[in-house]
Amino acid sequence: MASEKITNFVEEIKKLSVLELNELVKAIEEEFGVSAAAPVAVAGAGAGAAAPVEEEKTEFDVVLTSAGAGKIKVIKVVRELTGLGLKEAKDAVDGAPTTLKTAVSKEDADKMKAALEAEGASVEIK
C-alpha cells in the first residue's frame, strides 16, 4: 500500500492538465536523467498478456555474396534451389550479392547454404 504522502502526490497529479503532465514528465526526465519511454513500452507489452519482448526469428533470407571459383556449379545449384531459368540463375550469380530466397525456415536456409558452399560459393543467412 502506498503511504499517505504518495497517495496525496498521485491525487495532485490527477488534477493536472495534459499539458501540465507533459511538462512534469519533461522536468522529471531532465532532473533525474531518465526517460519515460521505457516504462511506457513495458506497460504496453504487459497488456499483451505475457507476449515475449523479442520474438525469435523464424524466417530467414539466403543471400549469395560470392560465387567463388566454381561459378558454373554454383549456377546449377542456384537453379535447383530457386527454380530459376539458366539466364536468371546466371544473372543472380553474376550480380552477387543477391538474395536467392526470402522468408525460409532456418533449416531450409542452412541446407541451401551448405549446398552452395559445397560448390565454393559464399552465402549469408539474414
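The exercises below, each with a worked solution, concern a sheet and a few residues of the structure above.

The model is predicted, and local features need pLDDT of at least 70, side-chain atom pairs count only at pLDDT 80 or more, while totals for chains, interfaces and linings use all residues. Residues are numbered from 1 along each chain as its sequence is written, and side-chain values use heavy atoms, with hydrogens and water left out.

**Exercise 1. Work out in which order the three strands of the open sheet stand, and which of them are edge strands.**

Solution. Begin with the terms: strands are DSSP runs of E with at least two residues, numbered from the N terminus, and two strands pair if DSSP finds at least two bridges between them. Strands of a sheet pair through backbone hydrogen bonds, either parallel or antiparallel. Here the order is β2-β1-β3, with antiparallel pairing. The edge strands are β2 and β3, since each of them pairs on one side only.

Next, take the two pairings in turn. Strand β1, residues 60-66, is joined to β2 by four bridges, and in β2 the bridge partner of Val62 is Lys101. The pairing of β1 with β3 is also made over four bridges, and there Leu64 stands opposite Val123 of β3.

**Exercise 2. Decide whether Thr98 is buried or exposed, and find what its side chain meets.**

Solution. First locate the residue: Thr98 lies in strand β2, which covers residues 98-104. Then apply the cut-offs, by which buried means under 20% relative accessible area, exposed over 50%, and partly exposed in between (1.4 Å probe, protein chains only). Thr98 has a relative accessibility of 17%, and therefore it counts as buried.

Finally, look at the surroundings. Not counting residues up to four places away in sequence, Thr98 touches Val62, Val63, Leu64 and Ala92, where contact means heavy atoms within 4.5 Å. A polar atom of the Thr98 side chain lies 2.8 Å from the backbone oxygen of Ala92.

**Exercise 3. Describe where Glu119 is placed, how accessible it is and which residues it contacts.**

Solution. Glu119 is found in the loop between α6 (106-118) and β3 (122-125). Because its relative accessible area is 27%, Glu119 is partly exposed. Leaving aside neighbours within four places in sequence, Glu119 is in contact with Gly70, Lys73, Val74 and Val77.

Methods. A polar contact is a pair of N or O atoms within 3.5 Å; within protein, one must be able to donate a hydrogen and the other to accept it, and residues adjacent in sequence count only if both atoms are side-chain atoms.
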